[in-house]
Amino acid sequence: MTAKAETKRKRGPGRPPKTVGSGVNDMPPTEDLVAMYKDMLLIRRFEEKAGQLYGMGQIGGFCHLYIGQEAVVIGLQSASKPGDTVVTSYRDHGHMLACGMDADGVMAELTGREGGYSRGKGGSMHMFSREKNFFGGHGIVGAQVPIGVGLAFSHKYKNEPNVCVTYLGDGAVNQGQVYESFNMAALWSLPVVFVIENNQYGMGTKVTRAAAGRALADRGMAYGIPGKQVDGMDVLAVRTAALEALAHCRDGNGPYILEMKTYRYRGHSMSDPAKYRTREEVDAMRKQHDPIDQIRDLLKNQHVDDARLKEIDSAVKATVTKATEFAQTSPEPDPSELFTDILLPLTDNKLVAKV
Amino acid sequence: MAIEIKMPALSPTMEEGTLAKWLVADGDDVRSGDVIAEIETDKATMEVEAIEDGKIGQILVPAGTQHVKVNAVIAMLLEDGESASDMKLPTPDAPDAPAEPVAAPVADDTNPSAETAPMAETVATPMAETEWSGSSTSLTVRESLRDAMAEEMRRDENVFIMGEEVAEYQGAYKVTQGLLDEFGSKRVIDTPITEQGFAGLGVGAAFGELRPIVEFMTFNFAMQAIDQIINSAAKTLYMSGGQMGCPIVFRGPNGAASRVAAQHSQCFASWYAHCPGLKVVAPYSAADAKGLLKAAIRDPNPVIFLEHEVLYGQSFDVPDDDDWIVPIGKANILRSGSDVTIVAFSIMVGRALEAADRLAEQGISAEVIDLRSIRPLDSATIVESVKKTSRLVTCEEGFPFAGIGAEIAMQVMEQAFDWLDAPITRVTGKDVPMPYAANLEALALPQIDDIVAAARTTCDGFKG
C-alpha cells in the first residue's frame, strides 16, 4: 500500500512541496500496526458515539468531531517519546485518546459530568491531562500555537530531551500569532513540531479561498523552518514524517512544520449543515482515502486474520460503550464546584494576606 | 548675547539626569550638531548636541554631577565676537522658566529646577510596611522592582524574565538593569516585538512549570496580548478542573505617562480586575512594589502587576530584607483620619496624601488607604474605615465608566450602606481619550485639587 502518491492538487505558483510517503523501510512491526489500527478505530467509534449523544441532547455546546483525520494524530503519537508534550485547538477528542487519556473521562467531560477530565467545567473544547502531557484543548483559533512554543521553551530551558507537538488547522494558519510563534521558535531553536492539519476547510471556507500563496508547509519558509506536505490519510506516511520531524527537533535544530493533507467527514461542528461541499466529495474521500480502511487492508496483507480484526473491533466497541455509560451515569458536578479552581490556594503562609 | 545651554529632557517623564561627561571644554569652538556632552537619564545614556554654532564660554555643571534638573543651565555658549565677559550667568535664585513644557505629569507639580529638591523626594512620603522594624534603605521604585526580580531569580532557577528590551538594552525603563549580567541570556530574554506571541509563550512555559515574568513595555501594548492573558492564563485552571495552574507575572508600566497621548496613556486596572482567575496589583511605594512583586512571582496564579512610569524614579524606604514580602490582597492605611476615607492606588496614592494634607489645613481629617491590590480587593479595610468616617472618595487614573471606583462604591453600599452619611464620590480620569496638548492633558488627569474638592463635597454638602 506504500506511497499511494499524493494527489496532484497544487495551489498557487511554484513547485509542489515534497510529499513524504511511507517507504518499505519504515514499516513498523505488525503488532505496532495493530495497536495503531486499534487506536484509530477507537477515535472513529468514540466520535461516532459522541455525535449520537449530541443528537440526543446529552452533549451541549460546540462539538467538533475528528472523524476522517485519525491517521494524523495516531501517526504522530506513534513516533513520539515519553515526556513529549501535545497541545491542540478544539477538535481535540482524538488527540486526547491518542495521548492515552481515558475514554471514560473524555466522554464524561463531553456530557458535562463530575467524572470528566475537567470535572465538567471545560467541555469538548477545553480538556487537559497533565499526567498524559496533554495541554489542551484550546478554544481560540491559533492561541494554542504560542502556548506550544512555550512548552517547547520549557523543554529546552530544563534541558529535557522532549518536543512539543503543536497542532493547528488550515484555518489557524492565517492568525497572526502563528507567525509570531514561528519566528520565536526559529529564533531560539525551540523543539516544536507544528502539525498543520489541513482538512481543506476552515469552518465553511475552502482553504484555497482563505490562504494565499502555495502550500501551507511553506508557511515557515521566511523563518527558515523546514516544512513538508504529508498524506495525512496514510498513517504510515504520517509516522515516517513525524519521526523525521521529531528527530530534527530533538537534535536541537529548531522547529519543523508538517502539513497533513487530511479531510474531515463531518461538519465543522455538530451544527454545521456543510452546504459548502458536495456529498460526492465527501463520499469520494471516504471510499478512496479512508485512513482506517487503508490500515485495515495493510493488516490483512500482513496476515492479520479477520478473527483478530473482529476481536479488536469488539474491544473498541466495548470501550466506547463503557465510556458512554460512565458519561451518562457520572453525576453532574456538585454546585459547590461553581466556585472552585478559580485561583490556586497559597501554600506559603508568608504570601497569605491576614485581614 | 551668550546662549544658555540647558539640561535637556530626553524622555517624556525625565525630570533630572546625570551629566556623565563633557566632550568639550571651555573655549572650544562647536558647530550646531556637534556632540558636546553625554547625559544619563533614568533610561539610557544620551548624547547632547550643540544647537548653535559658537564657542563654549563656561561649563557650569561639571561632569559627574547627578540629579541635574531638566532645564538647568549647564553651560554658556558664546556667539561670534563675544567674550567671556559678555556672559550673564544665571543666578541661583531665579528658577528657569522652561521654554517648553517639560516632563510635568501632573499640573500641581512645580517645574523642576536645579535649586529645588528632586520632586521624587518632595512627593514621596517615605514609609515602610508597618510591621517592619529593621533597617531600611532609600530606593527608587525602579530599583526595588529590579531587586525583587533579582532576589527571586536567585531563589528559584525556574524564574525568568522576557520582554522587549529587557536584556541588552537593560530595560526600556531600566527596570531590568543589570539582570542580564547576573543571570545571562537564558533567563533574561529579549523578545521580538510580538506581544501576543511572547505572552502566549509565557503561558505555555508556565504550564510547563516554569515561572515566567513577562514584561510589557507598557500595558497599552498588552492589549495585543489580552486574549492570551484572559483566555489562556486566567481561565485555564478552571477549564481544566484545577489541573493547569499558570504561575506567571505580567508586569509593566500602566496608566498615564506624560504627553504621549491616547494610545500610550491608559489605566487598565479595571480591565484585568474584571476577570476571575487573575490577581491584579498596583503598588505606590517602593517597599510595596518590591514586596508585592516578590509575592507575585511566588504566587501559583497569574498576576497582573501594574507599575507606573512616573513613580519609577521616586524614592522610598525599603526594608533591608531579601525575603520582604507584601501579601497580595491587603490594603494599607497610610494616614489615619476621622472625617472622610480616601481610597487610591498607584500614583493616585501620592496625590491622595497631598490632598489629605490640604484637607487637614481646612479642618477635615482624611483617612488615606492605599489599596495596593485591586483584586483580591481588601474591601474589609475599606468598609472598616467607612464605618469610622462615614464618607468615601475613590481615586483612580482610569476612566470612570465601570471603573475601580464604581466597584468599590458598590461593595461599600452592599456592606456598609447604613454607615454612609453622604454619597460616595469618584475622582477619575476624564471620560475622554488622553489628549496630547499639555493643558488638555492636565485637565484629563485627576489632580490633587479634584480630590480635595471631592472630599469637601462629601463633607460639606452632607452633614450627617
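A residue counts as buried with 20 or more other C-beta atoms within 10 Å of its own, as exposed with 12 or fewer, and as partly exposed in between. Keep that in mind for the first view of this predicted model.

**View 1. Glu49(B) in its strand.** Here we're looking at Glu49(B), which sits in strand S5 (residues 45–49) of chain B. Glu49(B) has 14 C-beta neighbours inside 10 Å, so it falls in the partly exposed class. Leaving aside residues up to four places away in sequence, Glu49(B) touches Gly33(B), Asp34(B), Val35(B) and Ile36(B). Take Gly33(B): it is 16 residues from Glu49(B) in sequence, yet the C-alpha atoms of the two are 5.1 Å apart in space.

**View 2. Where domain 1 of chain B meets domain 2 of chain B.** Chain B splits into domain 1 (3–106), domain 2 (124–319) and domain 3 (332–460). Between domain 1 and domain 2 of chain B, the C-alpha centres are 35 Å apart. Seven residues of domain 1 of chain B make contact with 13 residues of domain 2 of chain B. On the domain 1 side, that's three nonpolar, one polar and three charged residues.

**View 3. Chain B against chain A.** At this interface, 43 residues of chain B are in contact with 39 residues of chain A. On the chain B side, the elements giving two or more residues are helices H4 (195–207), H5 (226–234), H6 (236–239) and H8 (286–298). H4(B) gives the most, with ten residues. Sorted by class, the chain B side comes out as 18 nonpolar, 19 polar and six charged residues.

Definitions and conventions. Residues numbered from 1 in each chain as written. Chains lettered and ligands numbered in written order. Predicted model: local features only at pLDDT ≥ 70, side-chain atom pairs only at ≥ 80, totals over all residues. Domains from an automatic or database assignment. Contact = placed C-beta atoms within 7 Å. Nonpolar A, V, L, I, M, F, W, Y, C, P; charged D, E, K, R; others polar. Helix = DSSP H or I, 4+ residues; strand = E, 2+ residues; numbered from the N terminus.
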